Amino acid sequence: MPWRLVLRRMSRLICVAAMGIVLLSPSYARADGVTVFAAASLKTALDEIAGMFEAETGHGVTLSYAGSSVLARQIQHGAPADVFISASSDWMDVLEADGLIEPKTRVDLLGNRLMLIVHGRNASPAMLHGRVDDWLGEEGRIAMALVDAVPAGIYGKAALESLGLWDRVADRVVQADNVRAALALVATGEAPLGIVYLTDALVEDRVSPVVLVDPTAHPPIVYPVARIAESDGPMALPFLAFLQGPEARAVFERHGFRVLVE
């Protein structure tokens with residue numbers, strides 16, 4: 001069997017298995033709650049915001065984190081989410097084209113930046129251009145989210161290409177399922193370097209942020225949010241409104257996000 005077909009079938013099996021885990025979770029699909037599929041980079045801030053929403057309303061929030069591409073495909077396969085927050089407009093566009101979100105609820109919620117990080121604390125800041133090879137050494141690797149599927153990896157690859165560095169480091173890239181997994185590779189020392197979001201670099205004390213990547217070197221990093229078209233959960237719209245309110249704004253900004261809604 002051709003290897004591409006094997007990989008395609010494996011991908012479908014993994015997606016179905018992931019959906020099954022979510023569906024079997026005892027906290028899933030609470031009739032009075034809201035189920036949110038969100039990009040992995042949102043975890044720290046969104047966990048806090050969800051707790052605030054629960055305390056204020058008495059309604060539960062079930063959060064499922066992964067790469068935006070994985071979540072979008074789960075939604076395409078029928079996973080019963082109420083709200084989707086993507087780290088990429090492209091994946092939200094795909095779902096909108098498929099009729100799987102309610103366009104009138106779609107809002108560009110947040111912005112972010114890319115950061116080059118190194119393993120360990122208290123590393124000295126330096127310029128990215130011309131130093132990547134030195135930092136990698138003889139056998140070092142640079143951790144990134146999947147460069148052809150996950151937004152953080154796509155943005156990171158675009159930045160390296162724009163800076164003329166991709167060809168020099170492409171064979172040294174170790175790809176992770178999502179940006180938090182890439183962060184973990186650098187935090188544990190399995191990779192000396194990584195490219196993650198600024199907001200990820202701020203939550204991990206085992207890495208040092210050394211270079212804030214020029215935002216003109218890659219497409220704008222935008223997090224759109226929308227209600228899923230098939231959702232009948234009564235708390236989806238209140239949660240969307242809460243995400244755009246002052247309490248959530250304060251949390252997002254404290255964690256390094258740029259809030260785009262007024």
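This is a predicted model: local features need pLDDT of at least 70, side-chain atom pairs count only at pLDDT 80 or more; totals for chains, interfaces and linings use all residues.
Started with helix H3 (residues 68–76) and helix H4 (residues 89–97): they pack at an angle of about 10°, and their axes are 10 Å apart. Angles under 35 degrees count as roughly parallel, so I put H3 and H4 down as roughly parallel to each other.

Next I looked up who touches whom. On the H3 side I found Ser-68, Ser-69, Ala-72, Arg-73, Ile-75 and Gln-76, and they meet Trp-91, Val-94 and Leu-95 of H4. Sorted by class, that contact comes out as five nonpolar, three polar and one charged residues.

Moved on to helix H2 (residues 43–57). I get 15 residues and a reach of 21 Å from first C-alpha to last, close to the 21 Å expected at 1.5 Å a residue.

Which residues of H2 are buried? I list Ala-45, Leu-46, Ile-49, Ala-50 and Phe-53. They sit on the same side of H2, because they cover an arc of only 130° around the axis.

My list includes strands S1 (34–39), S2 (61–66) and S3 (83–85), plus helices H10 (236–243) and H11 (246–254).

Last stop was Ala-250, which lies in H11. I have it as partly exposed, because its relative accessibility is 42%. Ala-250 and Ala-45 are 205 residues apart in sequence, yet their C-alphas are 10.0 Å apart in space.

Note on methods:
Residues are numbered from 1 along each chain as its sequence is written. Side-chain values use heavy atoms; hydrogens and water are left out. Axes are lines fitted to C-alpha atoms, for helices over the stretch in contact, and angles run from 0 to 180 degrees between N-to-C directions. Helices (H or I, at least four residues) and strands (E, at least two) are DSSP runs, numbered from the N terminus. Angles under 35 degrees count as roughly parallel, over 145 as roughly antiparallel, 65 to 115 as roughly perpendicular and the rest as oblique. Contact means heavy atoms within 4.5 Å. Ala, Val, Leu, Ile, Met, Phe, Trp, Tyr, Cys and Pro count as nonpolar, Asp, Glu, Lys and Arg as charged, and the others, Gly among them, as polar. The expected span of a helix is 1.5 Å times one less than its number of residues. Buried means under 20% relative accessible area, exposed over 50%, partly exposed in between (1.4 Å probe, protein chains only). The arc is that of the directions from the helix axis to the C-beta atoms.
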